[in-house]
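Hi,

Here is the structure I promised to send over. Please have a look, then read my notes below.

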Amino acid sequence: MDPLMLLGEWWWIAAVGAGGVTAGAVGLRRRSTRSGRRLAVDAARHDLRAAKVAVVEKRAAVKIARADHTRIAAERTARRATAEHVASAKRMLRDAERDAKAAAADVRAKQVRLNAARAALPAASAPRPLERLRADHDAIVARWMTYETDPGLQIAYPAMSDVKQPATAAYFRAANRAAEARRTAGERPTPAEFADYRDAVDALARAFEIAEHTARGRGDTTASVGWQDAAQDAISRSAEAIDRAAGAAASAFAAWSARKRPRGDAREGRDDRDR
């Protein structure tokens, strides 16, 4: 048979095979998405897209601010604007340029996060990103609870429980936000919900570190240890005093009992001695 005719008759096999490979890849990705393995990657990609949109907006704001500054400077030359107007336009231009630089840096950071999420894509049997994020959240809360349940830490670092301290109050606000983001995420979060929960846990970790550092800076460990030693010594002295008092009371009671012994018993005792 002519090879060209054979190719013409069986060309569809290659197309079907390619379509099957593509469909298989799409199906694998969908299963991975449903299982939550790619949740961190999808969230990082969502963040990167939002960051790129923000860069475009900030750069447009820079162009507008630069045009306004040029216009107001020209009006100043024509004496239709004051020096204060020019200075204000210049400040707005500087602010817009700083915002644009920050947005560009944010894009680079989001790209790094996306690369890291791709590299850390868990295996089929490994914990899912949501499980790992919840574990990180629980670990921060557990570290905080040690300051609430350990009497020694409560004495050494009372600021960790004092909501009047700004750093402690900031931690509680971050804790509330993280808890709310966790409830919103639920069991099947969208990439945006996962990203919001992830950012809330990151903010909670920073708030805890600041609160702990501030409390340790305020705490006087030496004084606390000295106070605890003094308290322990006082407790020991009190126990010894109680033992001595109990011994004296027992001796007095025995003496009182001997004096109050009935007379018959006393006479019997004397008769026994006479015999």
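This is a predicted model: local features need pLDDT of at least 70, side-chain atom pairs count only at pLDDT 80 or more; totals for chains, interfaces and linings use all residues.

His 137 sits in helix α4. Is His 137 buried or exposed? Its relative accessible area is 5%, under the 20% cut-off, so it counts as buried. Beyond four places in sequence, His 137 is in contact with Ala 178, Ala 179, Arg 182, Tyr 197, Val 201 and Leu 204.

Now the core. The largest nonpolar core has 38 residues. Those touching the most other members are Met 160, Tyr 171, Phe 194, Tyr 197, Leu 204 and Phe 208. At least two residues of this core come from each of α2 (39–77), α3 (83–119), α4 (129–149), α6 (166–185) and α7 (191–218). α7 gives the largest share, 10 residues. There is also a second, separate core of 5 residues, including Val 62, Leu 93, Ala 96 and Ala 100.

α2 and α7 pack at an angle of about 90°, and their axes are 8 Å apart. That angle falls within 65 to 115 degrees, so the two helices are roughly perpendicular. On the α2 side, the contact uses Leu 39, Ala 40, Asp 42, Ala 43, Ala 44, His 46 and Asp 47. On the α7 side are Pro 191, Ala 192, Phe 194, Ala 195 and Arg 198. By class, this contact has 8 nonpolar, 1 polar and 3 charged residues.

Best wishes

Note on methods: Residues are numbered from 1 along each chain as its sequence is written. Side-chain values use heavy atoms; hydrogens and water are left out. A nonpolar core is a set of buried Ala, Val, Leu, Ile, Met, Phe, Trp, Tyr and Cys residues joined through side-chain atoms within 4.5 Å. Buried means under 20% relative accessible area, exposed over 50%, partly exposed in between (1.4 Å probe, protein chains only). Helices (H or I, at least four residues) and strands (E, at least two) are DSSP runs, numbered from the N terminus. Contact means heavy atoms within 4.5 Å. Axes are lines fitted to C-alpha atoms, for helices over the stretch in contact, and angles run from 0 to 180 degrees between N-to-C directions. Angles under 35 degrees count as roughly parallel, over 145 as roughly antiparallel, 65 to 115 as roughly perpendicular and the rest as oblique. Ala, Val, Leu, Ile, Met, Phe, Trp, Tyr, Cys and Pro count as nonpolar, Asp, Glu, Lys and Arg as charged, and the others, Gly among them, as polar.
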